[in-house]
Amino acid sequence: GRPVEFGTFHEMGEPRCYLRLRDKSGELVEFVDVLPPARCRAIDFTIDRDTGVMHFLVERKSGDGLVWWAGESPGWGVAPKNIGIGKVGDTALALASRPGLVAICGAKPVASPDKRDALLVLLRPNQQAEERPFDYGVNADFDKFAETARDCMFADDTLVLVGEAYGDHEGGKWPVERDRRMVIEYDVTADTEVWTVGGSGPGVQSRILAVDVDDQGRYHTVGYTCLDVCEPEGEVRVYAPGGNLESQVSMGPLGSAWFGPHDIAWSPAGYTVVALAEQQGQS
């Protein structure tokens, strides 16, 4: 029941990663540097509630570039060991884990006209990393979408990836490139995928920024919609497996895309918690 925070601080102008453990009342118990003294920027973090195993996703320097780095620790206070490392140019935005399997989700540059595919890397103990790109296309003539997976979560054997596909979603009828919300259901056992890409309404652009899965296997997502001049309005959408929309709740104007929403967590008590920022004066 204790909160653990994984984040970034700066020392001598360089980013460093840390863990902060608090008790149930919020009082600080311990502060630990992660991977000192390496340049390190925290991206994502999971804890197995049954075993205490922790998985870390960070950005580190490699040669003249930056790469993602995934680590595993058996419990509090044990330095993480490397379980996977990315390539310069690839972007990692989220980590999902279950016993025996870790997923890294994000995007990678490609040589095709769309220039970017959503990226999944599966990490299994004592096996080579398995890289799996995802490329969305309406038809052969308009298969030019740039996809980004901004979060992912396991639902049994299905890995749910969410984000946006950017491109001409009207099939040339109105040749305007826009973001549209995206849900990918990827069966890690059968190697099959199901896409759900949103249309217009409300607004003409949309993104999903985070996802959580409830005890019925539904996908609770949070993101935003906007017009071509993007003044984002937040929304929570709940999808059933297969991509059918079950509910939609508006959160109203966000003020800035920088404010999020940054994450969503479903509670067995019957509600969800959304993390975002707001403006207070100039802060």
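Glu-11 and Arg-16 form a salt bridge, with 3.5 Å between their closest N and O atoms. A salt bridge here is a side-chain nitrogen of Lys or Arg within 4 Å of a carboxyl oxygen of Asp or Glu. The structure holds 19 salt bridges.

This is a predicted model, in which local features need pLDDT of at least 70 and side-chain atom pairs count only at pLDDT 80 or more, while totals for chains, interfaces and linings use all residues. Residues are numbered from 1 along each chain as its sequence is written, and side-chain values use heavy atoms, with hydrogens and water left out.

**Salt bridges**

- Side chains of opposite charge can pair when their charged atoms come close.
- Glu-11 counts as partly exposed because its relative accessibility is 42%, whereas Arg-16 is buried, with a relative accessible area of 14%. Buried means under 20% relative accessible area, exposed means over 50%, and partly exposed lies in between (1.4 Å probe, protein chains only).
- Asp-90 forms a salt bridge with Lys-108, the closest N and O atoms being 3.3 Å apart. Asp-90 lies in the loop between strand E7 (81–85) and E8, and Lys-108 lies in strand E9 (residues 101–109), so the pair ties together parts that are 18 residues apart in sequence.
- Asp-90 is buried, with a relative accessible area of 11%. Lys-108 is buried as well, with a relative accessible area of 12%.
- Lys-108 also forms a salt bridge with Glu-131, and here too the closest N and O atoms are 3.3 Å apart. Glu-131 is in strand E11 and Lys-108 in strand E9, so this pair ties together parts that are 23 residues apart in sequence.
- Glu-131 has 36% relative accessibility and therefore counts as partly exposed.

**Strands and their pairing**

- Strands of a sheet pair through backbone hydrogen bonds, either parallel or antiparallel.
- Helices (H or I, at least four residues) and strands (E, at least two) are DSSP runs, numbered from the N terminus. Two strands pair if DSSP finds at least two bridges between them.
- An open sheet is formed by 4 strands in the order E8-E9-E10-E11, with antiparallel pairing. Its edge strands, E8 (91–98) and E11 (130–134), each pair on one side only.
- From one strand to the next, the twist of this sheet averages 20°. For such angles, axes are lines fitted to C-alpha atoms, for helices over the stretch in contact, and angles run from 0 to 180 degrees between N-to-C directions.
- Strand E10 (residues 116–123) pairs with E11 in the antiparallel sense over 5 bridges. Leu-120 has Arg-132 in E11 as its bridge partner.
- Strand E1 (residues 4–11) and strand E2 (residues 14–22) are also antiparallel, paired over 8 bridges. The bridge partner of Thr-8 in E2 is Cys-17.
- E1 and E2 form a hairpin with 2 residues between them, and Met-12 in the turn has a positive phi of about 55°.

**Cavity and pocket**

- Rolling a probe the size of a water molecule over the atoms shows where empty space is left.
- On a 1 Å grid over the protein atoms alone, a cavity is a set of points where a 1.4 Å probe fits but cannot get out, and a pocket is an open set with protein on both sides within 12 Å along at least five of seven lines; lining residues have an atom within 4 Å of a point. Grid points are joined across faces, edges and corners, and a volume is the space filled by probe spheres set on the points.
- A search of the whole structure finds 1 cavity of 30 Å³ or more. The residues that line the largest cavity include Arg-181, Arg-207, Tyr-224 and Glu-235.
- E17 gives the most to the lining of the largest cavity, with 4 residues.
- The second largest pocket has a volume of about 200 Å³. It is lined by 13 residues, and the closest to its centre are Pro-202, Thr-225, Cys-226, Glu-231 and Glu-233.
- Strand E17 (219–226), strand E18 (233–239) and strand E19 (245–253) each supply at least two residues of the lining of this second largest pocket.

**A loop residue**

- Asp-50 is in the loop between strand E4 (40–47) and strand E5 (54–62). Asp-50 counts as exposed because its relative accessibility is 76%.
- The C-alpha atoms of Asp-50 and Ala-240 are separated by 27 Å, and the two residues are 190 residues apart along the chain.
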